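Colleague: I am new to reading protein models and would like some practice. Could you walk me through a few features, one at a time?

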Amino acid sequence: MILMVMAILLSEGTISVKNVGQNHVLMLHNQTVSTTKGAFQDLRHYQGGKVDTLCWIEVNKGKSVEKFAVFHAGSLKQVGTADTSLYLRSAVFDPLVTQPELVDLRSSSPEENLHIVQFRTPVMAEYRTALANVSATVLAYLPANALVIRLDKAQLNVLDEVPNVRWVGAYRPVFRLDPYFVQRVGTAEQDYPTGTYNLQLFDDDMTTKENLAARIQSIGGAVLGLNFSRYLMVAELSHHQLFEVINWDDVAFVDQWSDYEKDMDVVRELSGANYIETMAGYDGTGVRGEVFDSGFNTAHVDLQSNPLILHTANTPDSHGASTVGIVFGDGTGNPAARGLLPAGQGIIADYDVVPITGMSRYNNTGELLQAPYFAVFQTSSVGTTRVTDYTTFSQESDTMLFDFDLLHCQSQSNALSRDSRPQAWAKNMMSVGGFNHFNTLATDDDCWGCGSGGASIGPAPDGRIKPDLSHFYDSTLTTTTGSPTAYTQFGGTSGATPITCGHHGLFFQMWHDGIFGNPTPGATVFDNRPHLTMAKAMMINTATQYDFDGAADDMARVHQGWGRADVRTLYDNRNDFHLINETVVLSNLEKSVFALTVAPAQPELRITMTYLDPAGNPAATMHTINDLNLRVTSPTGDIYWGNNGLVDGNFSIPGGLANPLDTVENVWVENPAAGTWTVEVIAASIVQDSHVETGAVDADFSVAAHPVSTATPTLMLTPALSFPQEIEPGVLTPIDLLVTEGTATLMSTPTMHYRAAGGAFTPIAMTPTGGNQFTANLPSFIIGDTPEYYFEVQGVTYPENAPTSTFQVVVDPYDVLFEDDMETDMGWTVGAVGDTATTGIWERIDPVSTVSQPELDHTPGAATMAYITGQSNDPATNGENDVDGGHTTLISPILDVSAEPTAEIEYRRWYANNFGTAIDDVFTVDITNDGSNWVNVETIGPMGPGTRGSWLLHRFTISDYVAPNATVQVRFVADDSGTGSIVEAGVDDFRVIVERATICPPLANQLPQWPDPVTILDMIICL
């Protein structure tokens, strides 16, 4: 069967499967899609317009995994593992594997024209178009990869014409009713003989509502409100009438209506959780997060729909039982106690089992990025002894968050002073304070220094603004211990913190849906998660502030932070954001500049910039390492520096100075002038690398701004292949550019602008080479030059903010004696006497990404191969086929450098050992000139630089270690002989080089001959 499918597909001439060693390589359009030691089954290729999709089942070691790839215009854009589950409140299930046993709520004459169509890939616009072509109406999206459609059930066969359909099934009435009522169908006469319900509709037009109201009245129900919300009606129904209404095709969902109430109902209402669930169904589906606390009531009825995943053993405790209910309780036992993510997946870690101190806490957090957890946040309402200083515990938290890039919410504590948990002083932390709300939806009586007790406050020891956000300090109804139906009134920043983190979880779900215009390349919320700096920026940028006047005010900035999380504001402004999700990288003293357009009559303009900073030094009084500054210029020329004026009030004040303290900087302007605002992020000081992907000393950041618009580029400029990183001196270097047309047609020829070492740029008109590709030659340069260049056409520049940012190359001062990009076998040896590793043996292959293993080789361009320690067969499982049981050795070919006493060796190495129960392994590089006596060149690890997985360059002079001769070799040894941990290593782009001699011919042969003039440039020939 497999061979038959393959033969059909291969006849198209676009898909191939090649055998490379023990691996099978799946390719489309001559691009590698997947590599496995197993088999590819059920290949399905779809092409519509510029979009290609390839779906297949990958079988390896008895496991079958559904995968997909998406191409656009022949270019590979996405490869992923399909999320095959349907995430419904009634049940989470893979419809091809199992059908859940659910209550049948069909009426005597059901309308059965609503269907779920699940696809093999994430839903694409082409699928919606295909559905429209067969007269199906798309009503809603269902996670994962599914749509709810309306189609006459007699016409279901037309769905055979829709591409990549995985499963079609009825959108059953039970899926559209709150599980609280479903679970009590057998006792409905006693539990809810009549009730008042919200009816969410698929359509928002008044005609549909009026027709539905007439039908409700015809069966004896009462309509209380036609326009309660855009898609909502409110009706009073008996339980028999409820079961009838839930069968109607216009009804999307029904749950209980209630008036405004206190406690979690107040939390959910005030901060928008009810609103976004009503408007768009956001309830935490697909969101996974950990509650790190003091023990939990895992048997509580509110936590059974998605049973908690135990990250540690659990000893029940009322504190953790309450915090986890605030985030993940589904309100089964008491709807008033419903949490922020009732459909989310909770993970719990008992701090009595995983101590807060030391490496174990670090590893606990790191494991959240691996199976089976895949968490997008962690919330903690516990901490070590309160302090007013940045301590080693603060430093540990900053290190943990910097390394793992995982959002973490931390309670400030409850001292009514600056006495706070040291973890809350961490720069990278989302620290949470509290205020009293007195069980009301009104906010004019909310206050900090009132009521019983009070939240700890900022500023941080070095003056940074803390807390970051705040929420309810008092009277939050939630779960507790004692019984499966026990509840309590919970408070303190222990309550405010999970409230705030729960709102972050809703943000992650919205981001996964791409509603902010953000890319969503993965299949799950975890795969699509933004950087933690982006999450912080978005939640701070849309927080609701309390009015205050001056630092002495009760709700001063260091009492409330940047305000209260507000997902309604977040959702309502979803189309009006400008976002940078750590996609811009700055070197020291560089800046990024971009323009934003503000429409007339906007009440506010908010711009937020955040960045991750390496851990501070507890011995110092200043804890910010790198300094990135936000500066905003209005259309009238007023300059606003980040946070200037915001300590004393809600809005920024023009002028001021750059902020050297905070890693969160805001410019918030009241009644902003309409027009173009210029935003600059300035790398005022970068002293430690914080963008570890490049290996250079640089930094990245996130920006969230609203309500603004940005002009959509009508043309997109990209490399036709790849831009060079190094060029030869004294020769012309061709640079190739591809222009992709967007909303406009390319009408002119692009220009390349270049300069050698500062000064003005010189323009060069590029030459068309066909297919909107163009080329131009960089002129020749001499060793020591630092060429820069950028491109421009029809007002579009590349890079986007050129000439502030440019492409740079190095004029290579070396001759290459030997070069191996690992694309072919040039004589390397895998294995040596004494090797003991049982898995993770070196192999030359196109890597498959895991958390610890690279996705790509290092070589620019079309090259794909590198030597790595064991190809992963399951990217979702970090450590699958990593180095285990000892060490594995890779030895270079024999290198003859006998004629080159100054020869050097350089290579790119990858090493990751930062996951596991202990970090105690090393990666060694040695050299020999006799095949027996090895001299260590470098040892990486067990901790410190170069141990977190990136392609880093190392270069050394051979003679510093051994005498250069004709039998030099280099070996690379990856080891996991210590306590079990994840160890992955790689080697690529190995070269033997020698510095180019600068031989000057006789001066008379260099200089122009009379009568031509001799200039100073004629004389600067050799350096």
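Modeller: Gladly! Keep in mind that this is a predicted model.

Colleague: Now for the helix itself. Which residues of helix 2 are buried?

Modeller: Helix 2 spans residues 125-133, and its buried residues are Y127, A130 and L131. They cover an arc of only 100 degrees around the axis, so they sit on the same side of helix 2. The face turned away from that buried side carries the exposed residues A125 and N133.

Colleague: And what covers the buried residues of helix 2?

Modeller: The cover includes strand 5 (51-60), strand 10 (114-119), strand 11 (137-142) and strand 12 (146-150).

Colleague: Let's turn to cores. Which residues touch the most other members in the largest nonpolar core?

Modeller: That core has 81 residues, and F377, F507, M510, F516 and L570 touch the most other members. Helix 12 (residues 493-512) gives the most to this core, with 8 residues. A second, separate core has 38 residues, among them L105, Y171, V174 and L201.

Colleague: Can we zoom in on one of those residues?

Modeller: Take F377. Leaving aside neighbours within four places in sequence, the contacts of F377 include V287, V327, F328, L341, C501 and F508.

Colleague: How should I describe a pair of helices?

Modeller: Two packed helices are described by the angle between their axes and the distance between the axes. Here, the axes of helix 12 and helix 14 (residues 532-541) come within 11 Å and cross at roughly 110 degrees. Angles of 65 to 115 degrees count as roughly perpendicular, so helix 12 and helix 14 are roughly perpendicular to each other.

Colleague: Which residues meet there, in helix 12 and helix 14?

Modeller: From helix 12, H503, H504, F507, F508 and W511 meet M534, A535, M538 and M539 of helix 14. By class, this contact has 7 nonpolar, 2 polar and no charged residues.

Terms used. Residues numbered from 1 in each chain as written. Predicted model: local features only at pLDDT ≥ 70, side-chain atom pairs only at ≥ 80, totals over all residues. Heavy atoms only, no water. Buried < 20%, exposed > 50% of the residue type's maximum accessible area, 1.4 Å probe, protein only. Helix = DSSP H or I, 4+ residues; strand = E, 2+ residues; numbered from the N terminus. Arc of directions from axis to C-beta. Contact = heavy atoms within 4.5 Å. Core = buried A, V, L, I, M, F, W, Y, C linked by side-chain atoms within 4.5 Å. Axes fitted to C-alpha atoms, helices over the stretch in contact; angles between N-to-C directions. Parallel < 35°, antiparallel > 145°, perpendicular 65-115°, else oblique. Nonpolar A, V, L, I, M, F, W, Y, C, P; charged D, E, K, R; others polar.
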